[in-house]
Amino acid sequence: MTTVNRCRAAAVVMLLAFGSPTVYVQENSPLDLTGTWRWLPYEDERDRTPGAYPGDYRGLPLNDAARMRADTYDEEWNATSPLLQCRPRGPAYQPKGLDPMRIDQVVDPVSRQLVALRIVYEKTPGERMIWLDGRRRPSPYAIHSWDGFSTGRFRGDTLEITSTHLKESYIRRNGVPASFRATVIEHISLQEPFLEWTFTVIDPDYLTEPLVRSATYVRAPALQLPLYPCQPEEYQPGAKYRVPHYQGGENPYLTESAVKYRMPQEGTRGGAETTYPEWRTKGATLSPPTAQYAYKPDYTDASTRIAERADAEPVRPPTYDRVGTLHVSGNVYLIAGAGGNITVSAGGDGILMVDSGAAAASDRVLAAVREVAQTLRPPEPPEAASPLSSAWLATHAPAEPAIRFIINTSGNPDHVGGNANIRRSPMFRVLGYRDPSLSLQVLAHEAVQRRLVESSGEQPLAPTDTYASDKYTLYRFFNNQAIQLFHAPNAVTDGDTIVWFRRADVIAAGDIYNSDIYPPIDVDRGGSIDGMIEALDRLVDLSVTEFMSQGGTMIVPGHGWIGDAADVGYYRDTLMIVRDRIQAMIDKGMTLAQVKAAKPTMDYDPLYGRQRGATARFVEAVFRSLKER
Amino acid sequence: MKAPFFGSLVAVAVLSTLPVLAHHSFGGTYNVDRQITIKGKIAQVTLRSPHSFLYVEVQNADGSVERWTIEGAAASQFAQQGIDKDAFKVGDPVEVVGNPSRSPNATRARLIAITRTTDGKTWGSRAGEVVN
């Protein structure tokens, strides 16, 4: 190299080193979590492989409601239920599972900003998205999933994830529950090649303090996540579905872990006190059992009085100031907050409403119907000279929506209350004859009409049209889909209807399914616990989940958030357990007052008994319908 | 000081080869402290995730036939252990060693070892071999 060339080369190096234009690189993520990871096999072996012994609640800040759930739990339920066999682990347990995982970045192709992290575990139904773009949490009426809805943010070199909208799950594989109201906070940091995952469960229903646990993963670049085609097994083909569980005080295995670990039984019962170092002093004064014995638990803490606290709340008249709309699937929408949920089909044929909400909410319901109609995608302007003066204005100025008819799922006031107001509205323009009184207006099972007509003062709310068969198919497609009605005899009442939008695959369940309240079974109007369970069975049978007991058929409850077959299955199984408990009490000769005092629903009250009077009504209805069998 | 470290590596390596199973809790479903032996004929084999199943028809002393559900590993793990769709035929006489269900009278068990008695072929009975 000549001297000149050396000088040129040096100049180029200097330029590259010091003189190149400044490149501003925005740091999307302060740590690189991308790649494949596997769990460390020497960590939490009992959690990860064989599973905890029954009755082992060590280290868990449980309340008594959670203990009762777990004490009466039989793992055979999980092993045999078609809806539970493929149930994935949610964030409240996932890091204690066996799954290897892959983490990718999701980058906006236009802004090139990091939008989300995508986590795929071996045994999950899809991709868990950790949204980093500041998006809002979904509506309280949005569906819950196993992974929930997760948002993340970086705190220094730690990723913090917050997950809500979780399905009911578990925090230990021996029946210790995690509520659908739980929030999970995760903190992830890197110490290459290890990934430290701390996850905190905050559960207002079943924990008295946050539960903090951790797990460690190690990079596994060569690992490919295997396929996981989970297929539930029908253990006893043709056998009637049942929920294996123990009656209170009859689980023979509750002292097994104390004997095997040689620790005091009191310690295995968990509770916040046992998670602190001070417990060692107390525990040292207690003796472990030398052999298993029949342990009779006693439940006394605040979680046992949730129903009483709800009953003590003052009566508050309902307000309907938060009526909102939510897309469900296809051309089906939910109007929520107006009393009972309203399911709406919107399209070129007009509006079909399933239920009409409370009477006092009708103005807001009509505004919500208008809102739904305006969210419909306008037709494409013609690809030619428009015959209209302005194609945009023409396509974005939709006509006032036309409500064609209403279907009522029951005669309950918060489902039929708006019938008269909606029918009187100018938006109610029926399909059919010139004389609207000849056309289909409000359709329900004939028992609903009969009861409303017979009751004084409620006749304007009564359906104008009825069916009396087990199954009723609407005479024509509406908004390009078949609509079928199924009568659920003797469920909440004797006139309950399930409405199935077949193309959108949405089912309006009415009060047969409520996501967070006990069913309002009305024995005087023909309701019964057996009929409820049969109706829920039918809902499950009509539904198909997309994969691993999640998604697929969307089920709009009478109250609460959108569900799927797994949610309805949980609800049905809860009712089956409560039915068995109360039946056992009846078999022992207990009176209604004695049954109520025994609190047969205490462990489910945190989930379903937070409404004034709900628990007492439910227990009484179950008792009466079993006595009148 | 080196030996324990090497030993821990061996332990990790050994643990890493353990079957990746237990979607539901085997310890909660079955009594892992007890073993039972079932003799019967293969009625059905379903290889799948999360767990596979062998159904065995057992003839009781009174002539009645009971159908036992034998639960084992996921299909992919079974394949590594030599159990695939061709391993058994319907009607093969087998002897199954397993953990019984915790539920009294349940005709269910968790697979530990299985022998086809016509040719003595076994899975799970050799030292260190695991088929569950």
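Is A:T464 buried, exposed or partly exposed, and how many C-beta neighbours does A:T464 have inside 10 Å? I would like to start from that residue and then widen the view, keeping in mind throughout that what we have here is a predicted model.

A:T464 has 18 C-beta neighbours inside 10 Å, and because of that count the residue is classed as partly exposed. As for its place in the chain, A:T464 sits in the loop of chain A that runs between helix 13, residues 446–454, and strand 18, residues 465–467. Leaving aside residues up to four places away in sequence, A:T464 is in contact with A:Q441 and A:V442. There is also A:L440, which lies 24 residues away from A:T464 along the chain, with 7.4 Å between the two C-alpha atoms.

Let me move on to the sheet in chain A. This is an open sheet of five strands, in the order 19-20-21-22-23, and its pairing is mixed. Strand 19, residues 471–473, and strand 23 of chain A are the edge strands, and since each has a single partner strand, one side of each is left without a neighbour in the sheet. On average, and with direction ignored, neighbouring strands of this sheet are turned by 25° against each other.

Which residues of helix 14 of chain A are buried? They are A:I529, A:G531, A:M532, A:A535, A:L536, A:L539 and A:V540. The cover over these buried residues includes, besides strands 20, 21, 22 and 23, helix 15, residues 565–587, and helix 18, residues 614–627, of chain A.

At the level of domains, the assignment for chain A gives domain 1 as 35–219 and domain 2 as 324–377 + 397–627. The centres of these two domains of chain A, taken over C-alpha atoms, are separated by 32 Å. Their contact involves 21 residues of domain 1 and 22 residues of domain 2 of chain A, and on the domain 1 side these residues divide into twelve nonpolar, four polar and five charged.

Finally, chain B, which has three helices and six strands, arranged from the N terminus as α-α-β-β-β-α-β-β-β. Of the 132 residues in chain B, 37% are buried, and among contacts in chain B with a separation of 6 or more, 52% join residues 24 or more positions apart.

The contact between the chains draws 23 residues from chain B and 28 residues from chain A. On the chain B side, the elements that give two or more residues are helix 1, residues 2–16, and helix 2, residues 26–29, and the largest share, four residues, comes from helix 2 of chain B. By class, this side of chain B has eight nonpolar, 13 polar and two charged residues.

Methods. Residues numbered from 1 in each chain as written. Chains lettered and ligands numbered in written order. Predicted model: local features only at pLDDT ≥ 70, side-chain atom pairs only at ≥ 80, totals over all residues. Buried ≥ 20, exposed ≤ 12 C-beta atoms within 10 Å, placed from the backbone. Contact = placed C-beta atoms within 7 Å. Nonpolar A, V, L, I, M, F, W, Y, C, P; charged D, E, K, R; others polar. Domains from an automatic or database assignment. Pairing = 2+ DSSP bridges. Axes fitted to C-alpha atoms, helices over the stretch in contact; angles between N-to-C directions.
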